[in-house]
Every structure is written in structure tokens, then in C-alpha cells.
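Subject: Structure handover

Hello,

Here is the structure I promised to pass on. Please look it over first, then read my notes below.

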Amino acid sequence: MGLLSALGAPKSWGEKSVQAMVSVSNLTRKFGEFTAVDDLSFKVAPGEVVGFLGPNGAGKSTTMKMITGFLAATAGQIEVCGLNIDTDPKQVKQRIGYLPEGAPMYGDMTTQRFLGFIAQVRGYRGAEINNRIDAAIERLELEEVRYQTIETLSKGFKRRVGLAQAILHDPSVLVLDEPTDGLDPNQKYQVRKLIKDIASEKAIIISTHILEEVDAVCSRALIIARGRLLADGTPTELMTRAEGHNTIELVTGAAQADALQQALSGLSGVASIDTTISRDNADNRVLRLRPNDGADLLDSVNALISETNLPVQQIHRQQGRMEQLFRQLTTTDTEAG
Ligand SMILES: Nc1ncnc2c1ncn2[C@@H]1O[C@H](COP(=O)(O)OP(=O)(O)O)[C@@H](O)[C@H]1O
Ligand SMILES: [Mg+2]
């Protein structure tokens, strides 16, 4: 039976929503007067790894708790594989794997027993329990710690046990709350690689406050601050929105700097040019040319240089940095609010 018929193909599945495995509309959560999640809307398609990127307190964990059914929304709609979380909470939970923040686990259980316990909670019985444990242990490479108690495991292994329980029932949607938090660089790399390996058929949402992580694992990023969605796009799209994207730096001798600046200022699409003394060599000048709207002016700058025959020692085009965009978006938000 196909997924659609298994779900009884709800009428609300329009052509667009068939693609979305997670659909969140106008999601809001208040704690008393305080709004932790403020009118969030987004969709996640199969194969996507979507990163929730935001500072501490942004509302990432709260959003994840609502998507996984551990916390009720104050307002808004959540659908998972076309099922509404309010009307079909059990069915939704069957389709979701969740690695909670800090991943609480039973420390005195062995990996084997813990996964067996989760399998039972997930409703598996008999031989299927062991099949599920074995598959998860293989996937997360946990064989060597199968009979070790969880409290004695390294952080990296503990996290992998947490991921093993999240994928045990082969869910369509994975929600991973800061899956690499507190791990060393090697362990981070391993967990990111695992997420990418698992990603192909699933929809994955991970939260992180590490900007490089978004670039490393996510096909899309949602930047969240103060419960609000500030940006949604691929890492590349987002980087083009960063101030300084496609800024061109030219290094030239002090004697030619004025002529070069004058020639460049005649180019169309140039927003500004500033000139500073080179830090590497006091006889050189660095011209920093900012384009309008992040446009790529490298070709026209190169053409101009060869036309004018002005000597340029170096030319370099800068990419926007996610970090810069993040600061732009989050500080504007703070100042405005
Ligand atoms: N149960 C709660 N009661 C009151 N405030 C809460 C509760 N849970 C979270 N908050 C507040 O909501 C905001 C968002 O928290 P959280 O979702 O954990 O952020 P993030 O995961 O992005 O760091 C924070 O200001 C936090 O203090
Ligand atoms: Mg959190």
C-alpha cells in the first residue's frame, strides 16, 4: 500500500502539500505573557535537511517539542505526512523520530536494553524487537558498546544511542535538537555524516546555534530569533544576503590607487569604494568595492583593469558569510524589538 492510500489520502492534500512532510502554519506558543514562538510558518519536503538556526532562547526547542507532540501549541497548525497533530497525535508520533535537547536516557541501562525498551514503547513485540535493535545498532555503529551501560559511554557514543532510539522505528521525519552540541570536532563530524547518510528519504529538522553546521549538513536554513522567522533559504541563498557579499578587494601600489579608484567609480553597479593602507605592505593600498544589491561585478572590474592598463597586484571577491547575515538579522531584530 502506498503512503497516500495508507493515510487514507486526506482531501486537504492539494498538489503543493503532497510534497511537504512537515507543514507548520502560524505556529505560536506562549508561556504566560511571554511569546516563545511567534507565528512561525514553514514546510519541509522529503530529502531536505532543514536547520533551525538561532541564538539561545530563540524558540528552537519549543518549536521542536510542538512538532513532536510533547508540547501543545497556543495557536497554529502542524501537519506531519498530511496528518494533523491535534486530531491524529498517535499517528504523527509514529512517523517522527525525536532526539530531545540533552537527550535524557536511562543511564543504568545497557545500549541493548535501552533500545529494547524504546522498541517496546514503540509497540514492537517478539522477534521484531531484536530486529529493530540490531538495525539501529548497525546504522549508528554501536556494536562495541551494545552491552555497556549508557552512563559509562563517551558523549559521542551517548549521542549515537540517542540517534539510534530516534531512528529505531524508521520514521519519515526526524527532529534532532542540537544533535552535535557538546561533542568534540571528530564526534561532530561523525554525527553530521550520519545525518547526511540518513537524509535521502526523510525530512530532517535539526536545530543548531553553530553557523558552520548549517553549511555542513543543511539543504535549507531557517533563521529564528525571538520566536520569529527572519530568513528561509539555502545556505548559498542566505549567504548572498549577507552584507559584504561579492565585495571586491583590489591591491595596488600607492601611486596608482587614486587613478584606480576613479576608474572603478565609473562602473555601473558600484555602491561604494573605500581605500585603506595595506596591512602587509605600507606602500600598497587596498580598494574595497561594494556592489549594489550584492551583484557580482568581478567580470566588469577585470575588463576595466585590462582596458585601463592600471597595475593591480591582487584581486579577490568575497563571499557573504552566514555569520554576518546572522548578526545583521538578529541585531536588527533586537534593536527594533
Ligand atoms: N516551560 C517554559 N516555561 C517558560 N518559559 C519557557 C519554557 N520553555 C521555554 N521557555 C522560554 O522560551 C524561550 C525559548 O526557549 P527555547 O525554545 O528553549 O529556545 P532555544 O531552543 O532556541 O534555545 C526562552 O526564553 C525560554 O526561557
Ligand atoms: Mg534549545
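**Domains**

The domain assignment of the protein chain gives domain 1 (14–240) and domain 2 (248–318); such bounds come from an automatic or database domain assignment. The C-alpha centres of domain 1 and domain 2 lie 46 Å apart.

This is a predicted model, so local features need pLDDT of at least 70, side-chain atom pairs count only at pLDDT 80 or more, and totals for chains, interfaces and linings use all residues. Residues are numbered from 1 along each chain as its sequence is written, while chains are lettered from A and ligands numbered from 1 in the order in which they are written.

**Around the ligand**

Which residues surround ligand 1? They are Phe 31, Ala 36, Gly 54, Asn 56, Gly 57, Ala 58, Gly 59, Lys 60, Ser 61 and Thr 62. A residue is near a molecule if its C-beta atom, placed from the backbone, lies within 6 Å of it. Helix α2 (residues 60–67) gives the most to this shell, with 3 residues. Helices here are DSSP runs (H or I, at least four residues), numbered from the N terminus. By class, the shell has 3 nonpolar, 6 polar and 1 charged residues. Ala, Val, Leu, Ile, Met, Phe, Trp, Tyr, Cys and Pro count as nonpolar, Asp, Glu, Lys and Arg as charged, and the others, Gly among them, as polar.

**Helix packing**

Start with helix α4 (residues 111–121) and helix α5 (residues 127–139): their axes come within 9 Å and cross at roughly 125°. That makes α4 oblique to α5. Axes are lines fitted to C-alpha atoms, for helices over the stretch in contact, with angles from 0 to 180 degrees between N-to-C directions. Angles under 35 degrees count as roughly parallel, over 145 as roughly antiparallel, 65 to 115 as roughly perpendicular and the rest as oblique.

On the α4 side, Gln 112, Leu 115, Gly 116, Ala 119 and Gln 120 meet Ile 129, Arg 132, Ile 133 and Ala 136 in α5. Contact means C-beta atoms, placed from the backbone, within 7 Å. The classes here are 5 nonpolar, 3 polar and 1 charged.

Next comes helix α6 (residues 155–167). Its axis and that of α4 come within 10 Å and cross at roughly 25°. α4 and α6 are therefore roughly parallel. Thr 111, Phe 114, Leu 115 and Ile 118 of α4 make the contact with Val 161, Ala 164 and Gln 165 of α6. This contact has 5 nonpolar, 2 polar and no charged residues.

Last, α6 and helix α7 (residues 185–199) have axes that come within 10 Å and cross at roughly 15°. They are therefore roughly parallel too. Lys 155, Gly 156, Arg 159, Leu 163 and Ile 167 of α6 touch Gln 187, Gln 190, Val 191, Leu 194 and Ile 198 of α7.

Best wishes

Technical notes:
Helices (H or I, at least four residues) and strands (E, at least two) are DSSP runs, numbered from the N terminus. Two residues are in contact if their C-beta atoms, placed from the backbone, lie within 7 Å.
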